[in-house]
Every structure is written in structure tokens, then in C-alpha cells.
Amino acid sequence: MTRIVYVNGAYKRYTEAAVHAEDRGFQFADSIYEVIDVLDGRLVDATRHLARLDRSLNELSIPPPMSNAALLRVIAQVIRRNRIRDGIVYIQVTRGAGPRDFALPPLGTLPTLVVLARAQRKGWAAELAETGIAVKTIPDNRWGRCDIKTVMLLPAVLAKDEARRTGAKEAWFIDAQGHVTEGASSNAWIVTADGTLVTHPLDRQILPGVTRATVMDAAKAEGLNVEERSFSVREVLSAREAFVTSATNIVMPVVKIDGAPVGDGRPGPLARRLRLRFHHIAEFSAG
Ligand code: PMP
């Protein structure tokens with residue numbers, strides 16, 4: 001349970017933690033976020049997550065609310081005050097509050113910072129990975145800067161809802177060329193018939209997933225061949241395996257796409273291997 005939330009310099013009780021009614025995050029989605037996994041009380045890949053947070057802020061010219069060293073201290077406090085051993089930390093920064101105006105607020109407007117943590121049962125993702133998940137394809141109707149981790153998540157919310165109504169756990173966005181860009185909240189991968197790992201290249205169409213980067217390191221350490229290129233739904237249907245990566249799922253096998261089996265319809269050996277390797281490669285730091 002979340003008991004304490006950090007909001008703009010104060011540790012508030014969950015029921016009392018709030019931001020201003022004219023916060024730009026609320027009015028314009030003028031805001032970015034990060035989610036970091038907490039495992040055995042330690043942060044997973046915090047350096048990469050904070051580097052992406054810096055990049056997101058920089059791309060939108062939102063001033064950092066504090067140094068990364070200070071932010072790590074706040075994160076550690078939030079984890080401690082909520083007694084989290086396994087779960088997630090959620091960090092959100094907005095451009096701040098002020099009278100509603102499309103024009104950017106005056107220099108010196110303080111960004112809003114929220115840090116909250118939530119416990120999750122250890123092993124839930126590992127259990128789900130035993131059976132794998134189904135995905136549903138949805139036209140990619142998001143904006144042109146999906147490389148920035150903004151809270152502009154309405155297309156992802158609606159895509160996931162549509163997926164769930166068909167019994168699928170994740171949506172895979174399809175661009176105008178018929179290629180899979182990424183999942184609604186994950187990066188998408190396939191394993192081709194010759195055992196090559198394929199995932200969309202880093203460009204403005206996808207989020208540079210932290211788990212994607214670490215899984216890529218794990219794949220290289222295992223001597224696997226990785227190609228960063230687009231792939232079509234037809235290629236997914238002839239793939240040996242497919243999976244998604246995200247901070248909470250790590251490596252999650254995809255066993256069905258739009259109701260059709262992927263590979264033999266069961267989690268594949270490479271997804272399993274990478275899932276196990278992940279925790280040897282990822283960075284763990286004190287929470
Ligand atoms: N793509 C999108 C659109 C996402 O929302 C996420 C999850 N934040 C990811 C990819 C995976 O990123 P990460 O591995 O850093 O969690």
C-alpha cells in the first residue's frame with residue numbers, strides 16, 4: 001500500500017498528496033515521468049532511468065526540479081517510508097502551475113515533482129512469463145515524439161483497453177507502413193527463424209526503453225545476433241518467438257497476436273534465457 005507521497009518538497013499522507021488545480025501536467029500533459037523497478041529493496045537500472053529522465057526534461061526544456069543525487073535521496077526516503085521491498089517507484093515532473101496559458105510560463109516557474117512508490121508481489125511477472133501474454137495490434141495514432149517519456153498516454157490507455165477487451169494484455173502499435181513500432185507500455189521484439197533478435201530502431205517512433213537497452217546488453221553477452229530494424233505483423237506470424245520488455249515485465253513472452261499463435265504458441269527459450277540473464281546484467285543500487 002502507498003502511505004506516503006513526496007510532492008514538491010514535502011512527504012504527504014497518500015490521501016492528502018495533491019498538486020495544484022492549474023498544474024500544467026493536469027491541463028496540458030506538459031509533463032514527463034519514469035518508472036523504476038524495486039527488487040529486494042534495490043533500484044533496478046536507476047542510472048539509465050535517471051539519464052532518460054534528464055533527456056526527457058531537456059527535450060521539453062523543463063528545468064530539473066533537483067539534482068539526481070537529491071532525487072535519489074527522495075526516492076530512497078519514499079521507498080523507506082512506504083516500507084517497499086518489491087514494487088515500483090513512480091517519478092513525475094511537470095512544468096509547474098500557473099494561470100492556464102498555452103504560452104510557456106515565465107522563467108523561474110517551479111516544476112512540480114511527485115515521487116511515489118507502490119509494493120508489488122515479488123514474482124508476479126515471472127509467473128506470468130510461464131504462460132506468456134497475448135497482444136492485439138492497434139494503429140499507432142500517437143504523436144511524433146514517442147522518444148520522450150511524456151504523460152500524454154491517452155492513445156496507450158485506449159489501446160490497452162481495446163486489447164484487454166479481446167483478452168490480450170498488451171497492444172502493439174502499427175505504423176502507416178504496417179510495421180510494429182512498440183507496445184503501449186513496452187518495447188516489442190521478435191526472434192526470427194534463424195534465431196536473430198529484432199526490435200525497432202531507436203528513433204522518434206518509440207521510447208528508448210531502459211529494459212530494451214539492458215536486454216540488448218544481455219543478448220550481446222550471450223553472443224546473440226541483434227538487429228535494430230522494423231518488422232511487420234506478417235514477420236511476427238512467421239517468427240520463432242516474440243516478447244516485450246519493460247521495467248516491470250522485464251522480458252515477457254508473447255504467445256499470441258490478434259488471436260493467432262506466435263511460434264508454437266508457448267513461451268520461447270530465448271525469452272526465458274534473456275529473462276534469467278537480465279538480473280545478472282542490470283545495475284542494482286541502494287534504494
Ligand atoms: N515503450 C513505451 C511506450 C513505454 O511506456 C514503456 C514503459 N515505460 C516502454 C516502452 C518500456 O520502457 P522501460 O523498459 O524503460 O520500462
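Biologist: Is Arg229 buried, exposed or partly exposed in this predicted model?

Modeller: Start with the cut-offs: buried is under 20% relative accessible area, exposed is over 50%, and partly exposed lies in between. Arg229 has a relative accessible area of 26%, so Arg229 is partly exposed.

Biologist: Which residue forms a salt bridge with Arg229?

Modeller: Look for a side-chain nitrogen of Lys or Arg within 4 Å of a carboxyl oxygen of Asp or Glu. Here the partner is Glu235, with the closest N and O atoms 2.8 Å apart. Glu235 is partly exposed as well, at 24%.

Biologist: How many salt bridges does the structure hold?

Modeller: The count is 21.

Biologist: Which parts of the chain does the pair Glu222 and Arg277 link?

Modeller: Place each partner in its element. Glu222 sits in the loop between helix H6 (210–221) and strand S12 (226–228). Arg277 belongs to helix H8 (residues 269–281). The closest N and O atoms are 3.2 Å apart. Glu222 has 24% relative accessibility and counts as partly exposed. Arg277, at 27%, is partly exposed.

Biologist: Are Arg266 and Asp264 buried or exposed?

Modeller: Apply the cut-off again: exposed means over 50%. Arg266 has 58% relative accessibility, so Arg266 counts as exposed. Asp264 has 54%, so Asp264 counts as exposed too. Their side chains meet in a salt bridge, 3.2 Å from N to O.

Definitions and conventions: Residues numbered from 1 in each chain as written. Predicted model: local features only at pLDDT ≥ 70, side-chain atom pairs only at ≥ 80, totals over all residues. Heavy atoms only, no water. Helix = DSSP H or I, 4+ residues; strand = E, 2+ residues; numbered from the N terminus. Buried < 20%, exposed > 50% of the residue type's maximum accessible area, 1.4 Å probe, protein only.
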